[in-house]
Amino acid sequence: KSSTPASSTQDPFESESFSRFGNNSSPSSQQPAFPKIEWSQEPTLVSMREELNLLRQLLQEQMSQLAGEKQEKLSPIGAALRRELSLQGLHKGLIESLVQQCQTEQDYECAWQKSLALLSKQIVVGENEILERGGVVALVGPTGVGKTTTIAKLAAKQVLKYGAGSVALISTDSYRVAAHEQLKTFARILQIPVRTVNDEKDLRDALYHFSDKKLVLVDTAGMSQRDERMSQQMQCLANENIAIRHYLVLSATSQLQVLNDAIRLFKPFNLCGCVLTKLDEAASLGEIISTIIDNNLKVVYTTDGQRVPEDIRIARAHHLVSKMVWLTRQHAKDHNQQATGT
């Protein structure tokens with residue numbers, strides 16, 4: 001193309017979708033002068049592009065529908081499984097993997113039970129390792145997922161099993177007065193010591209002071225990746241010279257993007273596993289189950305209420321899968337009742 005608009009070789013139909021084919025004209029060739037027309041500058045071309053996009057979408061949907069109908073005829077059990085697993089909120093890749101392994105069963109019920117069993121096997125769980133193993137354990141995670149309440153439940157379980165002298169609490173959350181006061185209240189009720197730390201030196205001093213305890217639970221501030229204090233906390237807690245095991249706390253009510261963001265943000269802590277909270281408030285568990293499987297996260301505990309310490313249990317894969325199915329069917333039942341007015 002020449003340097004002046006008068007000698008431009010731009011074709012009026014050349015756009016972002018056509019320009020990939022290139023322009024064979026040499027820079028010095030003389031062509032009739034045309035003004036450069038973009039899709040956004042010419043209403044007729046904009047309308048054409050929108051119509052083409054719509055036609056392409058319709059064609060893709062029809063092809064997908066035809067492929068689905070063909071697949072359903074070839075494997076009705078597989079198609080039924082795919083529909084039911086999709087209702088659970090599981091990720092597409094996980095669904096396809098389960099369907100491929102189960103669609104050859106003789107009847108649907110066998111295929112369904114087999115798919116749930118295979119799903120359970122993919123969920124890695126711990127065996128009460130925080131309380132059994134002891135040491136220094138920090139719960140990390142976004143704001144509002146229930147870290148402080150989960151710490152209180154674990155501390156209460158520890159007191160019941162080993163006595164009040166076996167456990168201590170540390171809080172790095174000096175930013176929110178309410179969270180600090182909540183932890184102090186739990187500590188007072190359980191009659192166990194608690195300290196608030198502001199930096200790495202304070203943390204070392206607190207750990208030295210609690211070195212005789214079987215278990216030290218560290219409550220951390222919940223922050224986002226956009227909070228500059230997050231990096232300060234990570235430098236303090238992720239220090240290789242301080243022996244702390246980190247567990248990520250995830251809420252079952254969180255959206256998929258929030259779950260993925262949390263895992264990505266706290267991955268530098270070399271997570272030992274995770275705790276799933278608020279199972280009682282979730283409408284579905286398919287997304288969080290798919291996410292922990294995709295990220296190979298071990299689940300150590302689940303919580304399903306505010307009672308301390310009753311509403312926490314050792315994670316069991318079959319319990320998570322059963323809860324997932326029950327929630328989906330309960331949601332469908334409630335929806336039908338609302339629709340019929342009963």
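Begin by selecting R313, which touches V300, Y301, T302, D304 and H319 once residues up to four places away in sequence are set aside, a contact being heavy atoms within 4.5 Å. The model is a predicted one, in which local features need pLDDT of at least 70 and side-chain atom pairs count only at pLDDT 80 or more, while totals for chains, interfaces and linings use all residues. Residues are numbered from 1 along each chain as its sequence is written, and side-chain values use heavy atoms, with hydrogens and water left out.

R313 is found in strand β8 (residues 312–314), where helices (H or I, at least four residues) and strands (E, at least two) are DSSP runs numbered from the N terminus. R313 counts as partly exposed because its relative accessibility is 39%; buried means under 20% relative accessible area, exposed over 50%, and partly exposed in between (1.4 Å probe, protein chains only).

Next, select helix α11 (residues 286–294), which is largely enclosed by the rest of the structure because seven of its nine residues are buried. The buried residues of α11 are G286, I288, I289, S290, T291, I292 and I293. Just after α11, N296 takes a positive phi of about 55°.

Move on to F266 and F269, both of which are buried. Rings of Phe, Tyr and Trp (its six-membered ring) pair if their centres lie within 6.5 Å, with planes under 30 degrees apart counted as stacked, over 60 as edge-to-face and the rest as tilted. By this rule the count comes to one aromatic pair, and F266 and F269 form it as a stacked pair, 5.9 Å centre to centre with 20° between the planes.

For a charge over a ring, show Y162 and K214: the charged end of K214 sits over the ring of Y162, 4.9 Å from its centre. The criterion is NZ of Lys or CZ of Arg within 6 Å of the ring centre and within 35 degrees of the ring normal.

Finally, display the whole protein chain, which has twelve helices and eight strands. Of its 342 residues, 43% count as buried, and among contacts between residues at least 6 apart in sequence, 75% join residues at least 24 apart.
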